[in-house]
Amino acid sequence: MERFGLNESTRAPAILNPLATAKEYFASLQSVLALVDLTVIDRITDAIWENYEQGGTLYIFGNGGSAALASHLACDFGKGTVAPNRKRFRAVSLSDNVPLMTALANDIAYEDIFSEQLADRAKKGDAVLAISGSGNSPNVVKGLELARNMGLRTFSVTGYSGGRVKPLSDLCFVVPSDNMQHIEDLHLCATHAIFRAIRHRMTLPGSR
């Protein structure tokens, strides 16, 4: 049996009433964590670091909880990576400008709210990090499509089996679950791991 393209053999096993108690919730989360490919997170970190060293900007975007995470990560990068005698890490959340997003949604289409911002801001040599629990959000997909057409590096974090964003991404971290809360939990863990690794590298001798 498959649901949303995720095979039973690769999906975390269901736990009876997983939201009934904190113990059951965390046991269920732990079973999902055991299935994720942590090496992809390190590969995304390496690519983001290379983008930084080459002078690129990282654009981050998503909807709902993923929009909140985009803002959270941009905040972490903007404040938490500052180091003496090091150039600043440039990270921008495309989910923050509510007037602009609503204008684009109203006057063009909601699916264009990220692609239009990238068209205004991004340049070749930049990178994007797309966040989508389902992997199928039309505006996230369109943002990645434009990014690829512009020659940007494309990274994503998603759930289920990766959805439409996976083939559009140079690197994609997938949480193999159909539980959106678990997907969001591990997206936060993954982006915190990326941030901490980048922050550590900023303190090493030889960083520019």
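H1 and H7 pack with their axes 10 Å apart, at an angle of about 65°. Axes here are lines fitted to C-alpha atoms, for helices over the stretch in contact, and angles run from 0 to 180 degrees between N-to-C directions. The contact takes in Tyr-25, Ser-28, Leu-29, Val-32 and Leu-33 from H1. From H7 come Gln-181, His-182, Asp-185 and Leu-186. Contact means heavy atoms within 4.5 Å. By class, five of these residues are nonpolar, three polar and one charged. Nonpolar covers Ala, Val, Leu, Ile, Met, Phe, Trp, Tyr, Cys and Pro; charged covers Asp, Glu, Lys and Arg; the others, Gly among them, are polar.

This is a predicted model: local features need pLDDT of at least 70, side-chain atom pairs count only at pLDDT 80 or more, and totals for chains, interfaces and linings use all residues. Residues are numbered from 1 along each chain as its sequence is written, and side-chain values use heavy atoms, with hydrogens and water left out. Helices (H or I, at least four residues) and strands (E, at least two) are DSSP runs, numbered from the N terminus.

Now follow H7 itself. The helix has 23 residues, 180–202. At 1.5 Å a residue it should span 33 Å, and its end C-alpha atoms are 33 Å apart, which agrees. The expected span is 1.5 Å times one less than the number of residues. At the start of H7, a side-chain oxygen of Asn-179 comes to within 3.0 Å of the backbone nitrogen of Gln-181.

Much of the interest lies along the buried residues. In H7 they are His-182, Ile-183, Leu-186, His-187, Ala-190, Thr-191, Ile-194, Phe-195, Ile-198 and Met-202. Buried means under 20% relative accessible area, exposed over 50%, and partly exposed in between (1.4 Å probe, protein chains only). Their cover includes helices H1 (22–33), H2 (38–53) and H3 (65–80). It also includes strands S5 (127–132), S6 (153–159) and S7 (171–175).

Next, the loops. Asn-85 sits between H3 and strand S4 (91–93). Its phi is near 60°, a positive value in a residue other than glycine. Asn-85 is exposed, with a relative accessible area of 76%. Tyr-160 lies in the loop between S6 and S7. Tyr-160 is not a glycine, yet has a positive phi of about 50°. Tyr-160 is buried, at 13% relative accessible area.

Asp-112 belongs to the loop between helix H4 (98–107) and helix H5 (115–121). Asp-112 is buried, with a relative accessible area of 8%. Leaving out residues up to four places away in sequence, Asp-112 touches Leu-104 and Lys-142.

Definitions and conventions: Polar contact = N/O pair within 3.5 Å; in protein donor to acceptor, adjacent residues only side chain to side chain.
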